[in-house]
Amino acid sequence: MNTTARADAQARDLAARFEETFGAAPDGVWAAPGRVNLIGEHTDYNEGFVLPFAIDKRARTALRLRGDSTIRLLSTFGDQGPVQADAADLVPGAVKGWAKYPLGVAWALQRHGLDVPGFDLLLDSDVPLGAGLSSSHAIECAVITALNELTGAGLSAEDMVRLTQHAENAFVGAPTGIMDQSASLRGAAGQAVFLDCRDQAVQLVPFEAQESGLVLLVIDTKVSHSHADGGYASRRASCELGADVLGVKALRDVTVADLDEARALLDPVTFRRVRHIVTENHRVLLTVDALRSQGPAHIGQFLDASHVSMRDDFEISCPELDLAVATARAAGAIGARMTGGGFGGSAIALTPARHEQQVRDAVVRAFADAGFTAPDIFTVTPAAGAGRIS
Ligand code: ADP
Ligand code: MG
């Protein structure tokens, strides 16, 4: 089955299942992808640059508005029954489990002044959860795209980015930036999303790995990053401290040339945190230039340098991620790095297609030899952003 035929079949299946569950056909089916960040890690909340792309793994949501304020939510994931809530009584921080993502979106829309009635929702997703591919934003972006259309809210992509961020920050309680939803809402097939997190400006940059004889492998280490909230918060705090001491609005305003001076002003740990952000921003720009002028075969060095910076300066890697990266490189990848927030999740390895199998085999063997849980390894390609699929 080709990609379009498969998407159609998935949308039909989900609509049929919705009708079985809720007793009426959905108003439509919407999909939103997960994302992989090619480069630019922890730069988003420093008002810097990131270069993610929407992947060919998506959350799909069949949704029907109701005439009352009841919300019923069901996921094909797990076997618990529908979660019920009231659109007139959504309370931040009070919802546990996956329902907080769709309910957070409804709440953020209400806070934005929109009238969101009750709805029935069936969710299905093939974005692996907790792997650093942003399964949570895939859900939120599918839901906001559906509600935007059905309520006639007329929100722009930029509005939806801000509102899903508000949902995650204030309702879910996760202090995340704007990268994930920007990739999910604004991504396009064959393109990476070069995002300036200061003003949300987006430029699409061609990332046609396949055409250059390359594949992008994702190595999901299966190490959960869900308990890493403390690490994430402390990195953010270091960045804020660094910006304060250096007298800038955000670390985005510090350049590589300023680093010598910064070293004299900061304590050694804060300096290393700052150096990661400053050099990482620079690497994003170098990667964008290389993709535009030379193509994906020329970005390996930046991926490698990004990993070293996260491992040694930002200290957000872990033994499984380091092993995945080192093994992939030794087995033929031309560049590799951990991706996502860190402390677990996934690594990416840009690999000549002819070496794909040997990289996969080497990583599986290395994990077994180290006594680590077997990783999940798959390829991703840049795919379309969120939209209606039925
Ligand atoms: P990430 O976004 O990096 O994958 P998060 O911890 O932010 O990790 O989000 C993962 C959470 O998203 C899961 O714990 C679950 O609540 C929710 N989730 C993801 N996919 C599904 C799904 N198919 N059905 C229900 N909940 C899901
Ligand atoms: Mg998430």
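**Exercise 1.** How many disulfides does the count come to in this predicted model?

*Solution.* Start with the cut-off: a disulfide needs two cysteine sulfur atoms within 2.5 Å. Now try C141. Its closest cysteine sulfur sits in C197, 14 Å away, so that's too far for a bond. Next up is C318. Here the closest cysteine sulfur belongs to C239, and at 19 Å that's too far as well. The count comes to zero disulfides.

**Exercise 2.** Work out whether C141 and C318 are buried or exposed.

*Solution.* The cut-off for buried is under 20% relative accessible area. C141 has 0% relative accessibility, so it counts as buried. C318 has a relative accessible area of 10%, so C318 is buried too.

**Exercise 3.** Trace the open sheet that contains β9: in what order do its strands run?

*Solution.* Go strand by strand. The four strands line up as β9-β10-β8-β11, with antiparallel pairing. At the edges you'll find β9 (335–339) and β11 (376–380), each pairing on one side only. From one strand to the next, the twist averages 25°.

Now zoom in on β9 and β10 (residues 346–352): five bridges join them in the antiparallel sense. Look for M338, and you'll see A347 of β10 standing opposite.

Methods: Residues are numbered from 1 along each chain as its sequence is written. Chains are lettered from A and ligands numbered from 1 in the order in which they are written. This is a predicted model: local features need pLDDT of at least 70, side-chain atom pairs count only at pLDDT 80 or more; totals for chains, interfaces and linings use all residues. Side-chain values use heavy atoms; hydrogens and water are left out. Two strands pair if DSSP finds at least two bridges between them. Helices (H or I, at least four residues) and strands (E, at least two) are DSSP runs, numbered from the N terminus. Axes are lines fitted to C-alpha atoms, for helices over the stretch in contact, and angles run from 0 to 180 degrees between N-to-C directions. Buried means under 20% relative accessible area, exposed over 50%, partly exposed in between (1.4 Å probe, protein chains only).
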